[in-house]
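Hi everyone, thanks for coming.

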Amino acid sequence: MSVCRKRKGERKIESRSYGTAILFGLIFIFGFAVICSLIFSFILRFTSTQESTLQYIVTALSFVGLFGGGFLSGGKKKEKGWLIGGLTGLIYSLIVFLFQYLGYDRLFDAEQVIYHTCYTLIAMMGGILGVNIANSNSRTA
């Protein structure tokens, strides 16, 4: 819950809640990715399924994970869902970029830039919905 204190016309907002909300969203995204990766690795190992056949499913689940991370971030912050969701998506993309650049010495290609732009937009949508769901639940309670 954000704490706002007014002092003679000033409004102070705790920035700590931004970091906490984004951290919860990122933990959800990477946890979801680890679980999905584990499931897909078992499917690829113990069946005759090819990696190319799972491409669209992996992409769809990536969007679900980013939406869920943005939703969780927005629900934690309870305000400015587009901003908190967008920051969650951008930080996720930055982490993936740094991992790819530092670990594999590769930059994003055009296709990856498009994917990560869409990931950020999906996380923004999740953040907006998360704020609205969290605020409607707090009004009825």
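Look for helix H2, residues 55-77, and helix H3, residues 81-104: their axes come within 8 Å and cross at roughly 135°. Keep in mind that this is a predicted model. As for handedness, H2 passes H3 in a right-handed crossing.

Now, which residues do the touching? On the H2 side we have Leu66, Gly69, Gly70, Ser73, Gly74 and Lys77, and they meet Ile84, Gly85, Thr88, Gly89 and Tyr92 of H3. Sorted by class, this contact between H2 and H3 holds three nonpolar, seven polar and one charged residues.

Let's move on to the largest pocket, with a volume of about 1,000 Å³. It is lined by 30 residues, and those closest to the centre are Val58, Thr59, Ser62, Tyr92 and Tyr119.

Where does the lining come from? Helix H1 (16-46), H2, H3 and helix H4 (110-140) each give at least two residues, and H1 has the largest share, with eight. By class, the lining of this pocket has 18 nonpolar, eight polar and four charged residues.

Terms used
Residues are numbered from 1 along each chain as its sequence is written. This is a predicted model: local features need pLDDT of at least 70, side-chain atom pairs count only at pLDDT 80 or more; totals for chains, interfaces and linings use all residues. Side-chain values use heavy atoms; hydrogens and water are left out. Axes are lines fitted to C-alpha atoms, for helices over the stretch in contact, and angles run from 0 to 180 degrees between N-to-C directions. Helices (H or I, at least four residues) and strands (E, at least two) are DSSP runs, numbered from the N terminus. A crossing is left-handed if the near helix is turned anticlockwise from the far one by less than a right angle, and right-handed if clockwise. Contact means heavy atoms within 4.5 Å. Ala, Val, Leu, Ile, Met, Phe, Trp, Tyr, Cys and Pro count as nonpolar, Asp, Glu, Lys and Arg as charged, and the others, Gly among them, as polar. On a 1 Å grid over the protein atoms alone, a cavity is a set of points where a 1.4 Å probe fits but cannot get out, and a pocket is an open set with protein on both sides within 12 Å along at least five of seven lines; lining residues have an atom within 4 Å of a point. Grid points are joined across faces, edges and corners, and a volume is the space filled by probe spheres set on the points.
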